[in-house]
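Thanks for coming, everyone. I'd like to walk you through one model today, so please have a look at it while I talk.

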Amino acid sequence: MEQVRLYLSRHGETLENQRHVLQGQLPGTLSERGLEQARGLAERMEGVELDAVVASDLERSRRTAEIVAERKGLAVDVTPLLREMDWGEYTGQALVDVDWFHLPPSVEQVEALYRRAGDFLAYVKEKYAGRRVLAVGHGAFDRAVLCRYEGRPPFDMVEMPIMGNTEVVELVY
């Protein structure tokens with residue numbers, strides 16, 4: 001099977017990010033700074049050949065991806081596989097120190113997030129073989145994708161830094 005060149009990014013800053021709220025699978029609203037970051041991502045990607053733009057179905061990622069895709073003359077492929085971690089009962093609450101090893105049952109477990117990251121990578125590899133793809137995701141989910149891509153165990157993601165808003169990491173597989 002042909003290689004995929006995947007540019008993994010995180011959505012622009014949201015109003016909820018400003019308040020340090022765990023958004024999880026809430027839509028999220030890009031702040032003015034987040035819209036500027038999305039436009040900046042579009043400018044940075046201008047010199048990069050892209051065949052496709054993929055985004056989470058959550059508003060904050062979809063909107064970020066649309067800004068880039070519009071500039072590239074591409075449509076956005078929206079998939080729930082790229083959704084952020086489901087924070088369950090913590091959703092909408094202020095970010096606190098999370099005990100990743102003892103998450104309540106309502107929260108998506110690290111192993112489940114890691115499996116979903118593998119499903120996402122398989123989806124991209126199957127659908128976009130031999131192509132260049134920008135994928136706009138989320139903080140925790142992007143860490144799971146990077147762990148999975150690097151062949152690291154699921155809980156290694158806990159120690160990884162969260163990607164900055166609209167930061168891009170290039171993966172080839």
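**Charges, a buried pair and the core**

Let me start with D156, which is partly exposed, with a relative accessible area of 28%. For that scale, buried means under 20% relative accessible area, exposed over 50%, and partly exposed in between, using a 1.4 Å probe and protein chains only. The side chain of D156 meets that of R152 in a salt bridge, 3.3 Å from N to O, and R152 is partly exposed too, at 29%. By salt bridge I mean a side-chain nitrogen of Lys or Arg within 4 Å of a carboxyl oxygen of Asp or Glu.

A word on where this comes from: it is a predicted model, in which local features need pLDDT of at least 70 and side-chain atom pairs count only at pLDDT 80 or more, while totals for chains, interfaces and linings use all residues. Residues are numbered from 1 along each chain as its sequence is written, and side-chain values use heavy atoms, with hydrogens and water left out.

How many salt bridges does the rule give? The count comes to 13. One of them joins R132 and E49 at 3.1 Å, N to O. That pair links distant parts of the chain, 83 residues apart: R132 sits in strand β4, and E49 in the loop between α2 (32-44) and β2. Helices (H or I, at least four residues) and strands (E, at least two) are DSSP runs, numbered from the N terminus. R132 is partly exposed at 26%, while E49 counts as exposed at 57%. R116 and E108 also pair, with their closest N and O atoms 2.9 Å apart; here R116 is buried at 13%, and E108 is buried at 14%. There is a network as well, linking E59, R62, R63 and E66.

Now to the spot I'd like you to zoom in on. Which residues does UniProt mark as "active site"? The unreviewed entry places that feature at H11 and E84; positions are in the numbering used here, feature names are shortened, and annotations may be inferred rather than shown by experiment. The two are spread over 74 residues of sequence, yet they cluster in space, with a largest C-alpha distance of 10.7 Å.

H11 lies in the loop between β1 and α1 (15-18), and counts as buried because its relative accessibility is 2%. E84 is in the loop between β3 (76-79) and α4, and is buried at 8%.

Last, the core. The largest nonpolar core has 35 residues, with L6, W100 and F120 among those with the most contacts inside it. Such a core is a set of buried Ala, Val, Leu, Ile, Met, Phe, Trp, Tyr and Cys residues joined through side-chain atoms within 4.5 Å. Its largest share, seven residues, comes from α4.
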